[in-house]
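Please look over the sequence and the model below. A short briefing follows, grouped by topic.

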Amino acid sequence: MGRGSNSVGKRRREAERERKQREKGERARQRRADSTGEVEIANVSDIQTAAVNATVEGVLADGTILTGEDPDGASSGPPCRLFVGGLSWDTTAVELRKAFADVGEVVDAVIVMDRDTGDSRGFGFVTMADRRAASKAMRELGGHELDGRPIRIDMATDR
């Protein structure tokens, strides 16, 4: 066996890995296309693409960015899911929903529970009605205290 055999195997493994990644992406696109009546959740790449393609027309005193869209318009895209970390173990989904409802329309709020003990794992997810509400929530609530603990908010990513 020569030295070249290792690189051939490595190239095969890399090609297989890339093929699996492409297939996984295609399956995700197909699932989104085939969804029936479910709430579509914006993923990070969709939001980043929209942000890159947006035209900024101005910035208000409160930091709101004005685009060509109507600022009081109904929606700016599909619902957007946020990861909320650093939650107190005593925080409930109702309290989480209430905290985020002050900055925009909340579609869903979930606290992740430990499957063995049933206790909170200290994080959850909030689905906002659109990305504008999600961005506002990240800006206004990130680092603020909820039930005595500072919370961390990020865009949720697909598994």
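**Overall picture**

Of the 159 residues in the protein chain, 26% are buried. The model is predicted. Four helices and eight strands make up the secondary structure of the protein chain.

**Fold and surface**

- Read from the N terminus, the elements of the protein chain follow the order α-α-β-β-β-α-β-β-α-β-β-β.
- Take the contacts in the protein chain between residues at least 6 apart in sequence: 62% of them join residues at least 24 apart.
- The protein chain has an accessible surface of about 11,200 Å². Carbon and sulfur atoms account for 49% of that surface.

**Aromatic pairs**

- The count of aromatic pairs is three, with ring centres within 6.5 Å as the cut-off.
- One of them joins Phe83 and Phe123, whose ring centres are 5.7 Å apart. Their planes stand at 35 degrees, so this pair is tilted. A tilted pair falls between the cut-offs, under 30 degrees for stacked and over 60 for edge-to-face.
- That pair links distant parts of the chain. Phe83 sits in strand β3 (residues 80–85) and Phe123 in strand β5 (residues 120–128), 40 residues apart.
- Both Phe83 and Phe123 are buried.
- Phe83 also pairs with Phe125, with ring centres 5.9 Å apart. Here the planes are at 70 degrees, so the pair is edge-to-face.
- The Phe83 and Phe125 pair likewise links distant parts of the chain, from strand β3 to strand β5, 42 residues apart.
- Is Phe125 buried or partly exposed? Phe125 is partly exposed, because its relative accessible area is 21% and buried means under 20%.
- Together, Phe83, Phe123 and Phe125 are linked into a cluster by ring pairs.

**Arginines over rings**

- Which residue lies over the face of Phe125? Arg81 does, at 4.6 Å from the ring centre.
- Arg149 lies over the face of Trp89, at 5.4 Å from the ring centre.

**Gly143 and its surroundings**

- Where is Gly143? Gly143 is in the loop between α4 (131–141) and β6 (145–146).
- Gly143 is in contact with Pro150 and Ile151, once neighbours within four places in sequence are set aside.
- Gly143 and Gly86 are 57 residues apart along the chain. Their C-alpha atoms are separated by 9.5 Å.

How values were computed. Residues numbered from 1 in each chain as written. Predicted model: local features only at pLDDT ≥ 70, side-chain atom pairs only at ≥ 80, totals over all residues. Heavy atoms only, no water. Phe/Tyr/Trp six-rings, centres within 6.5 Å; stacked < 30°, edge-to-face > 60°. Helix = DSSP H or I, 4+ residues; strand = E, 2+ residues; numbered from the N terminus. Buried < 20%, exposed > 50% of the residue type's maximum accessible area, 1.4 Å probe, protein only. Lys NZ or Arg CZ within 6 Å of the ring centre and 35° of its normal. Contact = heavy atoms within 4.5 Å. Areas by Shrake-Rupley, 256 points an atom, 1.4 Å probe, with all protein chains shown as cover.
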